[in-house]
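Hi,

Here is the structure I promised to pass on. Have a look at it first, and then read on for what turned up.

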Amino acid sequence: MNLLRIAALMGAALAGTMVAHADSTAPAAPAAPDADPYVWLEDVTGAKPLEWVHARNAESAKELAQGADYQALEDGILKILDSNAKIPMIEKEGRFFYNLWRDAAHPRGLWRRTTLEEYRKAEPKWETVLDVDALGAAEKVGWVFHGATFLKPEHRLCLVHLSRGGSDAEVVREFDVETKTFVEGGFALPEAKSQVSWIDKDTVFVGTDFGPGSLTTSGYPRVAKIWKRGTPLAAAKTVYEGKPSDMDISAFHDQTKGFERDLVVRTPAFYVSETFLLGKDGKLRKIDLPDDAERSVFREWMLIQPRTPWTVAGKTYPAGSLLATRFDDYMAGKREITTLFAPTKTTSLVEFDWTRRNLIVKVLDDVKTRLFVMTPGTWTRRPLEGAPAIGSASVTAVDADESDDYFMFVTDFLTPTTLRLGAVGKAPETLKSSPAFFDASGLEVAQHFAVSKDGTRVPYFQVSRKGLKLDGTNPTLMTGYGGFEVSLLPRYDATAGYAWMSRGGVYVVANIRGGGEYGPQWHQAALTKNRLRAYEDFAAVAEDLAARKVTSPKHLGIEGGSNGGLLVGNMLVLYPKLLGAVVCQVPLLDMKRYSHLLAGASWMAEYGDPDKPEEWAFIKTFSPYQNVRKGETYPPTFFMTTTRDDRVHPGHARKMMAKMRDMGYDVRYFENTEGGHGAGADNRQAARFRALEYEFLWKTIR
């Protein structure tokens, strides 16, 4: 991925999607004036809150994690996660292909490498570069490997990112992959949400917690600096300072030979940014683009994605289009722009990636993948083979500095993921295929459309038994997200297949507004004051399933995590009569306090600012914590989170659980003590997290 795109999306993750920069062990912000009786649960590692957590965990374990059937379910999920037959995903660095491998013997993982010749074999020979489990044991820290940034072109030195327990906060250490040791006296950063980029062997850009005043209100770096080897971090030279109210400041060096550039990105809010070219004289030149447009640079080209209609040189380009221009010409004032893709009513741009001489573009047509390739200059567009009819394909360059080779990952709900190696102009070959982890022979996939409250057509995918009896009694699990322009695409979920679909459950993915399935306008339709549209869309899908007699409220369960946790939390309090069970994971729920908890301030472009009375007026309509009431009939609910989640504060789930429990509702709770914003720091933790979820749903809505 090119540097400007990385910069523009810095800190964004889906589950990628929401971002954070604060240690989850830090005390919460002071309680609001209208005192919240459960605010004490925001003290993440306090003795009293953790005592409460352990008590709730014990209750859930007693209810759900008992007996041979449950243990078989958890063991079965763990067997899938630990399987030696799964595809070892690789990334090329220099002449080697690197992989992080987790299994029963290596729960935190082996960072290892091999050659392409070896990788083609059924049983490749791997060379271990770093044993994360051994490192954690030696240092008595539960390290989780978060990747490495290599110095080109030698690809010998790298900056390794290690997380304590799976949180987003990381330590950064310089590592030599030839000696397989950390570099003594090398670049090293203490635990923080740092941003670091190589400039040369002895110099890096760095943004981190430099001390008081160096972070934004969102908890990200406010200052970007240049740091020289052998000097203290305090001596690093400031390149750019943002405002405290900004979301993030970052700086990057483009290592592409012949096109080396230094770039600084200021991100005032989630969907706006300013990018500057840093000259040799230390002066910054802003790239003259709309602040809400994404921009990326590769070699001589700059690609632009306007999020709203953009008029330049007398021509208007639609939101969601992909535009190309020569970077140096654009910086010199020329506005020769070519449209590479323009959205239609049913199509949207998803992603793109450069090979050495070509651009590969992925679009959606009614949430179905279409791939094409273009050659710069003429920009001739032609199809790229390999995308499934209903499914998803993703393409990444193997080494954009060297070749036109690409990896293609192909998947759908029922077909295990396949990794293919192709080259532009040649048919791709299959390198690896995942085994089938569940019997899909009797299942089928169909796409349907529901009609939302305002008449909008909302697509959803349904996976069910062939010849499904339409009598309203089928146990059905529906999931969604509806935020941050994230698209939910068909993919092979071995765990859901094993634990739900193969047992006879219907599985539904709803592509509601707030996501990116139909481009920026689909996302913007459910922003801030229009947030309820996302929940109206989800309700419309639930109603359509009932109208088609696939299921009925008694047999319909829903799940969602992160922003999806906010989705299902609102379904719980706004549409309880449509539901039979709710699984709410790592959620936002207290929208009055969210902007004061961890990275919440960085999401105000999505939800609004609750400290402004005129915005709280609409935010309170989708704040489950404030809207839960006594005397209602709510479906059984399971709240799940992790102590080490330093994106979405675990206080959201804790407080909602406590409040509903004290009101006498049917609720239960599980909090993993590690895992960050995911299900677990290792496969065993993830297996337990998922097994508890499916056991609850199967017992409740079957």
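Leaving aside its neighbours within four places in sequence, which residues is Met478 in contact with? Before the answer, please keep in mind that this is a predicted model. With those neighbours within four places left out, Met478 is in contact with Val508, Ala510, Phe538, Val541, Ala542, Leu545, Leu556, Gly557, Ile558 and Glu559.

Met478 also stands out in the largest nonpolar core, which has 112 residues: Met478 and Phe639 touch the most other members. Helix α15 gives the most to this core, with nine residues. There is a second, separate core of 18 residues too, and among them are Leu359, Val361, Trp379 and Ala397.

Back to α15, which runs over residues 683–701. From first C-alpha to last, this helix of 19 residues reaches 27 Å, close to the 27 Å expected at 1.5 Å a residue. Because 15 of its 19 residues are buried, α15 is largely enclosed by the rest of the structure. Its N-terminal end is capped by Asp682, with a side-chain oxygen 3.2 Å from the backbone nitrogen of Arg684.

One more spot to look at is His555, in the loop between α9 (532–547) and β36 (556–561). Is His555 buried or exposed? His555 is buried, as its relative accessible area is 10%, and the cut-off for buried is under 20%. Apart from neighbours within four places in sequence, His555 is in contact with Gly472, Thr473, Asn474, Pro475, Thr476, Ile701 and Arg702.

Cheers

Note on methods
Residues numbered from 1 in each chain as written. Predicted model: local features only at pLDDT ≥ 70, side-chain atom pairs only at ≥ 80, totals over all residues. Heavy atoms only, no water. Helix = DSSP H or I, 4+ residues; strand = E, 2+ residues; numbered from the N terminus. Expected span 1.5 Å × (residues − 1). Buried < 20%, exposed > 50% of the residue type's maximum accessible area, 1.4 Å probe, protein only. Polar contact = N/O pair within 3.5 Å; in protein donor to acceptor, adjacent residues only side chain to side chain. Contact = heavy atoms within 4.5 Å. Core = buried A, V, L, I, M, F, W, Y, C linked by side-chain atoms within 4.5 Å.
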